[in-house]
Amino acid sequence: MSNVPPRVVIVDDHAIFRSGVRAELEGLVEVLAEAETVAEALQVIPEAQPDVVLLDVHMPGGGGVQVIREVTKVRPDQRFLALSVSDAAEDVIAIVRAGARGYVTKTITGEELADAVRRVKDGDAVFSPRLAGFVLDAFAGELPAEAVDPELDQLTTREREVLRYIARGYLYKEIAHKLSISAKTVEAHVSSVLRKLQLSNRHELSRWAVRRRLVD
Amino acid sequence: MKARVDTGPLIAGFALVATGALLLAREEGAVALEGWWLAAALLAATCVVLVASASGARGSWRISTGIALLALSLLLVLRELGIWWSDALIWPVVLAAFGVALLWRLTRPAAVDAAEPPADGARAAPSRRRDARRASLTSFGVALVLGAALLFLWANGALAGGGDVALAALVLGLALALVLAPVWWRLAGNLSRERAERIRSQERAEMGAHLHDSVLQTLAMMRQRSGDPADVERLARRQERELRAWLSGNGEPRPDERLADALRAAAEQVEDSYQTPIETVVVGDRPLDERLEALVAATREALTNAAKFAAEGGPIRLYAEIDDDRARAFVDDRGQGFDPTTVPEDRRGLRESIVGRMERHGGHAEIRSEPGAGTEVELTLEGTLR
């Protein structure tokens with residue numbers, strides 16, 4: 001972790017939330033620019049070249065998924081952190097599958113958010129308790145053995161354990177302590193889960209969550 | 001329809017009685033009657049009574065048949081009384097009576113609205129089906145009346161030698177239909193567009209009403225109580241929950257039936273009673289049963305304990321994982337913690353309501369706490385729960 005504050009662009013269609021996030025991040029993160037629409041985001045992000053884009057899940061004109069798709073054409077290494085008040089599982093999973101490296105809720109404190117931004121900047125994944133719950137749900141249930149690619153379609157026992165602790169609201173270092181592993185290992189597990197979530201062809205990954213009525 | 005007297009059986013009954021009386025009169029030689037007509041009338045009346053008493057029968061059909069029969073009976077009576085022109089009158093009149101009765105019933109608007117209870121969401125589809133049925137019934141009625149008129153004309157010889165006239169009329173009628181078809185088509189289109197517009201504005205009104213009842217009211221209350229941050233926070237949380245549930249479109253939560261909803265409801269209750277935030281994540285779901293209700297009760301107790309003694313350490317967290325052969329709930333806090341071995345025997349909450357309750361229902365509770373390091377409560381129900 002470097003001492004230079006991460007530079008971010010905030011993309012959200014609500015001015016009140018942009019200014020709220022900006023105020024929360026005051027002194028912790030350098031906010032380069034804000035964008036209100038998908039089109040504006042496509043213009044602002046390549047110009048500002050931020051470390052991390054803070055992205056609202058729901059936006060008119062295609063939503064956060066559209067922003068990720070378009071921006072990565074120009075800046076393939078751009079990192080995104082999804083941010084939202086409250087969403088259905090399928091929307092959250094869709095934006096993570098599109099390429100966001102994490103998802104946090106807007107009720108998060110400024111310090112936690114700044115920490116999440118730093119982790120995303122460093123290439124780690126950031127799972128809120130809610131996202132951990134969604135992922136556990138999406139990977140729940142048995143698949144026919146021949147349809148499963150164990151590399152991608154199943155979580156390991158350890159990964160499940162880590163996710164469960166995240167869903168219970170524990171911080172990475174607390175989880176590391178509980179499982180007697182290093183915080184780096186915890187992060188490696190979370191990144192591995194993120195990779196599976198993004199690449200798995202597990203059928204109906206998002207529909208699982210819908211069917212099981214996971215909206216919280 | 002419920003409040004109205006069902007007229008179908010009444011009319012049919014009257015027809016039956018009338019023909020029966022005729023039969024009796026003939027038996028006694030008071031009137032001379034051609035048995036053929038009477039038999040037909042009697043048979044028809046009996047059919048109608050049967051149809052009328054069958055529960056699945058449609059009201060329009062029943063009543064129309066009754067009316068037709070009534071007309072037949074009246075004609076027979078008139079014929080017997082000597083007020084008569086020609087036997088060729090009978091079938092056209094009966095047919096026409098049937099058709100007209102059908103049309104009258106269909107054009108009465110009250111019948112439509114009373115037949116369909118006001119539904120909200122599922123309104124469009126049934127009403128379209130109903131419209132289609134009405135349209136086909138209407139054309140059937142019109143065809144009957146026209147057919148009756150033609151039959152009458154033909155029977156009276158008015159059409160004899162008038163083949164050219166009939167052809168001309170037919171062609172004229174077709175031409176008229178072709179001319180009127182677009183108008184009718186557009187009218188139908190307008191109607192359905194109007195209906196769509198009405199449904200849309202109804203939805204908008206509903207949403208407006210909902211936002212007014214919930215969000216606006218809450219905002220007004222928050223302004224009133226802006227001096228009390230705890231109160232404002234409680235109001236905001238409650239509103240957020242409510243709005244979130246509404247937006248998710250999953251319908252009303254069913255805490256009496258579903259374990260996930262019951263756990264969320266328990267967390268909300270504790271959150272409201274102690275004005276302390278609780279973060280809830282539930283994975284999976286299953287229908288509630290007696291054992292799972294015990295799990296919910298023990299969870300509520302654990303949450304209450306945390307809210308009472310450990311709220312200063314940040315939000316309390318409830319995480320539940322439910323699958324087919326196990327249900328687990330975790331309640332974690334970052335409060336001051338305690339030494340579980342030194343808890344007094346009389347602390348009912350912990351010993352009775354959590355540990356005892358879980359064990360009575362074949363599950364178990366594990367409580368891990370250290371002074372200064374928060375508390376974890378883990379509640380487990382094993383085994384196939386069904």
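## Stop 1: where the chains meet

Show chain B and chain A together: about 2000 Å² is buried between them, and carbon and sulfur atoms give 41% of that area. Buried area is the accessible area (1.4 Å probe) that two parts lose on being put together, summed over both. On the chain B side, select Arg244(B), Tyr319(B) and Arg334(B). These residues lose the most area to chain A, together 24% of what that side buries. Now select the contact itself: 21 residues come from chain B and 20 residues from chain A. Contact means heavy atoms within 4.5 Å.

This is a predicted model, in which local features need pLDDT of at least 70, side-chain atom pairs count only at pLDDT 80 or more, and totals for chains, interfaces and linings use all residues. Residues are numbered from 1 along each chain as its sequence is written, chains are lettered from A and ligands numbered from 1 in the order in which they are written, and side-chain values use heavy atoms, with hydrogens and water left out.

## Stop 2: colour by confidence

Colour both chains by pLDDT, the predictor's confidence in each residue, from 0 to 100. The model scores ipTM 0.82 and pTM 0.61.

Chain A averages 83, and 85% of its residues score at least 70. Helices (H or I, at least four residues) and strands (E, at least two) are DSSP runs, numbered from the N terminus. Next, select residues 212-216 of chain A. Their pLDDT stays under 50.

Chain B averages 77, with 74% of residues at 70 or more. Strand E3 (residues 326-333) of chain B has the highest mean, 93, and helix H5 (residues 109-115) of chain B the lowest, 44. Over residues 110-124 of chain B the pLDDT is below 50. Where pLDDT is low, the predicted coordinates should not be read in detail.

## Stop 3

**With H6(A).** The axes of H6(A) and H7(A) come within 7 Å and cross at roughly 140 degrees. Axes are lines fitted to C-alpha atoms, for helices over the stretch in contact, and angles run from 0 to 180 degrees between N-to-C directions. H6(A) and H7(A) are therefore oblique to each other. Angles under 35 degrees count as roughly parallel, over 145 as roughly antiparallel, 65 to 115 as roughly perpendicular and the rest as oblique. Show the contact residues, including Ala132(A) and Leu136(A) of H6(A) and Leu163(A) and Ala167(A) of H7(A).

**With H8(A).** Switch to helix H8 (residues 172-179) of chain A. Its axis and that of H7(A) come within 10 Å and cross at roughly 130 degrees. That makes H7(A) oblique to H8(A). Show the contact residues, among them Val162(A) and Tyr165(A) of H7(A) and Tyr172(A) and Ile175(A) of H8(A).
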